[in-house]
Amino acid sequence: KQWYQRRVAITAGSHEVQELKQQGNKFFSQRNYEEAISCYTKALLKNDKVTTIYTNRALCYLKLELWDRVLKDCKLALELDKMMTKAHFFMGQALTEIGRFDEAIGSYTIAIESAKAQKQHFGDDLHQALRRTKKKKLNKEEEKRMSEEIELQTLLNKLLIEDMERKKNEAPPEEDVVEMDKQNQNLEETYTKHLETLNQMFAELDDRRKKRDVPDYLCGKISFEIMAEPVITPSGVTYERTDLEEHLQRVGHFDPLTRVPLKREKLIPNLAMKEVIEDFLNNNPWAEYY
């Protein structure tokens, strides 16, 4: 009898937890995140071993931009299940918002690997989030680099002017005022050229940063984005694999450009192109987000 009563109590408790979770989900769908959090919290007080309730509450905190609480709930979920994809995903978003980009990239990477291992489908959400964080990190680094370049340019200009003035003062006094003026004028002309050359170098550096372009041959013929997995067809045309496979599935079994009949098994990885693309991306990290 006691065993039966315990069993009934456990079942009832489990049922109540699910009801609270469902209520929380309903409030969430209505964008009433505070009430949703209240329901999820009550559910966790009755059973603190349900990982999905932690991630549901973490998502509410994400919507409310309470980053520290997102991280706390995600950590609690991961203590129960290290392969909880959503926990890694939400953690990556919170870490991105507080500027901890390297940690965020690590969380997204684990989320992608976890989803793949468990055959979970998140569309392109995980990869998009990873790209956005990498872009934010790159922009932050560029802002810092630009600030340092401006400081360096200002310092070098100042040093050149100070050096010119020092040389003027060190020059032996000339009885001939005209000759002394001529020497100073020559000195100023020389340093003016130095300053112009220096500032032109920095201007060209800034101009190159503004005129970033990705060569067309690195981009897919369908999406016009940089190829991640280039494949070559029997016709000799290189495409991004995912774009071409989608074309074959949805449009028809033919080469989009040459219209020659084409089957998926005829696609060959273009390793040479992949190497060229990887080299370009290594030397131009901004291009990954082009």
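Helices, at least four residues long, and strands, at least two, are DSSP runs numbered from the N terminus. In those terms, lysine 119 is placed in the loop between helix 6 and helix 7 (125-170). The model is a predicted one.

**Helix 3 and helix 4**

- Helix 3 (residues 51-63) packs against helix 4 (residues 67-80) at an angle of about 165°, and their axes are 8 Å apart.
- Angles over 145 degrees count as roughly antiparallel, and helix 3 and helix 4 are therefore roughly antiparallel to each other.
- The crossing in which helix 3 passes helix 4 is left-handed.
- On the helix 3 side, the contact is made by Thr51, Tyr54, Thr55, Arg57, Ala58, Tyr61 and Leu62.
- On the helix 4 side, the contact is made by Trp67, Arg69, Val70, Asp73, Cys74, Leu76, Ala77 and Leu80.
- Sorted by class, the contact of helix 3 with helix 4 has 10 nonpolar, 2 polar and 3 charged residues.

**Helix 4 and helix 5**

- Helix 4 and helix 5 pack at an angle of about 155°, with a separation of 9 Å between their axes.
- Helix 4 and helix 5 are therefore roughly antiparallel to each other, and their crossing is left-handed.
- Helix 4 contributes Trp67, Val70, Leu71, Cys74, Lys75, Ala77 and Leu78 to the contact.
- Helix 5 contributes Ala87, His88, Phe90, Met91, Ala94, Leu95 and Glu97.
- By class, the contact of helix 4 with helix 5 has 11 nonpolar, 1 polar and 2 charged residues.

**Leucine 76**

- Leucine 76 is located in helix 4, where it is one of the residues that make the contact with helix 3.
- With a relative accessible area of 28%, leucine 76 is partly exposed.
- Leucine 76 and leucine 126 are 50 residues apart along the chain, and their C-alpha atoms are separated by 21 Å.

**Aromatic pairs**

- The count of aromatic pairs, taken as rings whose centres lie within 6.5 Å, comes to 3.
- In one of them, the rings of phenylalanine 89 and tyrosine 108 have centres 6.1 Å apart and planes at 55°, so the pair is tilted.
- This pair links distant parts of the chain, with phenylalanine 89 in helix 5 (residues 85-97) and tyrosine 108 in helix 6 (residues 101-117), 19 residues apart.
- Phenylalanine 89 and tyrosine 108 are both buried.
- One aromatic cluster is formed by Phe89, Phe90 and Tyr108; Phe90 also takes part in the contact between helix 4 and helix 5.

**Positive phi in loop residues**

- Lysine 119, a residue other than glycine, has a positive phi near 55°.
- The relative accessible area of lysine 119 is 70%, and the residue is exposed.
- Arginine 259 is not a glycine either, yet its phi is positive at about 65°.
- Arginine 259 is placed in the loop between helix 9 (241-250) and strand 3 (268-269).
- Arginine 259 counts as exposed at 56% relative accessibility.

**Tyrosine 217**

- Tyrosine 217 is placed in the loop between helix 8 (177-210) and strand 1 (230-232).
- Apart from its neighbours within four places in sequence, tyrosine 217 is in contact with Met227, Met273 and Val276.
- Tyrosine 217 and threonine 238 are 21 residues apart in sequence, and their C-alpha atoms are 9.0 Å apart in space.

Technical notes
Residues are numbered from 1 along each chain as its sequence is written. This is a predicted model: local features need pLDDT of at least 70, side-chain atom pairs count only at pLDDT 80 or more; totals for chains, interfaces and linings use all residues. Side-chain values use heavy atoms; hydrogens and water are left out. Axes are lines fitted to C-alpha atoms, for helices over the stretch in contact, and angles run from 0 to 180 degrees between N-to-C directions. Angles under 35 degrees count as roughly parallel, over 145 as roughly antiparallel, 65 to 115 as roughly perpendicular and the rest as oblique. A crossing is left-handed if the near helix is turned anticlockwise from the far one by less than a right angle, and right-handed if clockwise. Contact means heavy atoms within 4.5 Å. Ala, Val, Leu, Ile, Met, Phe, Trp, Tyr, Cys and Pro count as nonpolar, Asp, Glu, Lys and Arg as charged, and the others, Gly among them, as polar. Buried means under 20% relative accessible area, exposed over 50%, partly exposed in between (1.4 Å probe, protein chains only). Rings of Phe, Tyr and Trp (its six-membered ring) pair if their centres lie within 6.5 Å; planes under 30 degrees apart count as stacked, over 60 as edge-to-face and the rest as tilted.
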